[in-house]
Amino acid sequence: MSQRGASELQGRLRRARRVAVLTGAGVSAESGVPTFRGTEGLWRQHRAEDLATPEAFRRDPKLVWEWYDWRRQLIAKCLPNPAHQAIAALERDAPEFLLITQNVDGLHRKAGSVRLVELHGNLWRVRCVRDERTMENFDVPLRQIPPRCECGAPLRPDVVWFGEALPAEALRRAFDAAESCEVFLVVGTSAVVQPAASLPMIAREHGAYVAEVNLEPTPLTSIAHESHHGKAGEILPRLLGFPSGRPGSDNFEFRNSNFAISPPDPHR
Ligand SMILES: [Zn+2]
């Protein structure tokens, strides 16, 4: 049901000790991150579904890395938008908080989110195919394709490819958060792909207040306590009590002191 209980969410968030947020491609799209799916996602006649697989990497690691290098160059130009910033601000005041994202672009971290799990990995991390060691790599463009580990083996992007399992630890944390949170907020994802799709259901079954912000009605709309349809970057700051809608800007004021901005705590 659209727009139901707009102020209800703010009150719930103020009182909640445990908050969880699930985000997807819709949040990134407002920062100009392409989806790399369908015909728009074509790169040198290749589809994402044919490049983002373990088989493609075994067959031609250079080709796969050239595609990721191109994607990283596009994404390096993108900045977090007010939705990313509102979610980071929400985290700062929540005693227990987990952001569960399906996005691999690293924009949530760039906006200041710290307590997060990246279900599909992160484009700015690489992983050794031999010893599984992971490390950050922000080179744009890459200096070497494919990049190599100190041990000499090729590195791969530390992302989840088609046909691969999601990281078990990230999943465990996501499900734990869904089961124990008092408010579960879904932003920019229709949540039709499993296992992320089951998280809002689990949260609701365990008594959480479920709210969604999506461009259009989704399968989630029927189970959410409140739904808001439109651009997350416009709706979310307002919904969370950020009246100027520009978190991070100089004239930004918080109507609700519960969301008072404080410097990110590096130890948290
Ligand atoms: Zn290695």
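The model is predicted: local features need pLDDT of at least 70, side-chain atom pairs count only at pLDDT 80 or more, and totals for chains, interfaces and linings use all residues. Residues are numbered from 1 along each chain as its sequence is written. Helices (H or I, at least four residues) and strands (E, at least two) are DSSP runs, numbered from the N terminus.

**Helix H5**
- H5 covers residues 61–76, which is 16 residues. At 1.5 Å a residue it should span 22 Å, and its end C-alpha atoms are 22 Å apart, which agrees. The expected span is 1.5 Å times one less than the number of residues.
- Val 64, Trp 65, Trp 67, Tyr 68, Arg 71, Arg 72 and Ile 75 of H5 are buried. Buried means 20 or more other C-beta atoms within 10 Å of the residue's own, exposed means 12 or fewer, and partly exposed lies in between; C-beta atoms are placed from the backbone.
- Seen down the axis of H5, these buried residues fall within an arc of 155°, so they line one face of the helix. The arc is that of the directions from the helix axis to the C-beta atoms.
- Lys 62 and Gln 73 are exposed on the other side of H5.
- The buried residues pack against helix H3 (48–51), helix H4 (54–59), strand E4 (121–128) and strand E6 (155–159). Contact means C-beta atoms, placed from the backbone, within 7 Å.

**Nonpolar cores**
- A nonpolar core is a set of buried Ala, Val, Leu, Ile, Met, Phe, Trp, Tyr and Cys residues joined through C-beta atoms within 7 Å.
- The largest core has 48 residues, of which Ala 20, Ile 100 and Phe 184 touch the most other members. Helix H6 (residues 82–93) gives the most to this core, with six residues.
- A second, separate core of 12 residues includes Ala 52, Phe 57, Trp 65 and Val 104.

**Strands around E2**
- Five of the six residues of E2 (residues 96–101) are buried, so this strand is largely enclosed by the rest of the structure.
- E1 (residues 18–23) and E2 pair in the parallel sense over six bridges. Pairing requires at least two DSSP bridges between the strands. Leu 22 has Ile 100 as its bridge partner in E2.
- E2 and E3 (residues 116–118) run parallel, joined by three bridges. Val 117 in E3 is the bridge partner of Ile 100.

**Val 104**
- Val 104 sits in the loop between E2 and helix H7 (107–111). This residue is buried, with 24 other C-beta atoms within 10 Å.
- The C-alpha atoms of Val 104 and Gly 121 are separated by 5.6 Å, with the two residues 17 apart along the chain.

Methods: Contact = placed C-beta atoms within 7 Å.
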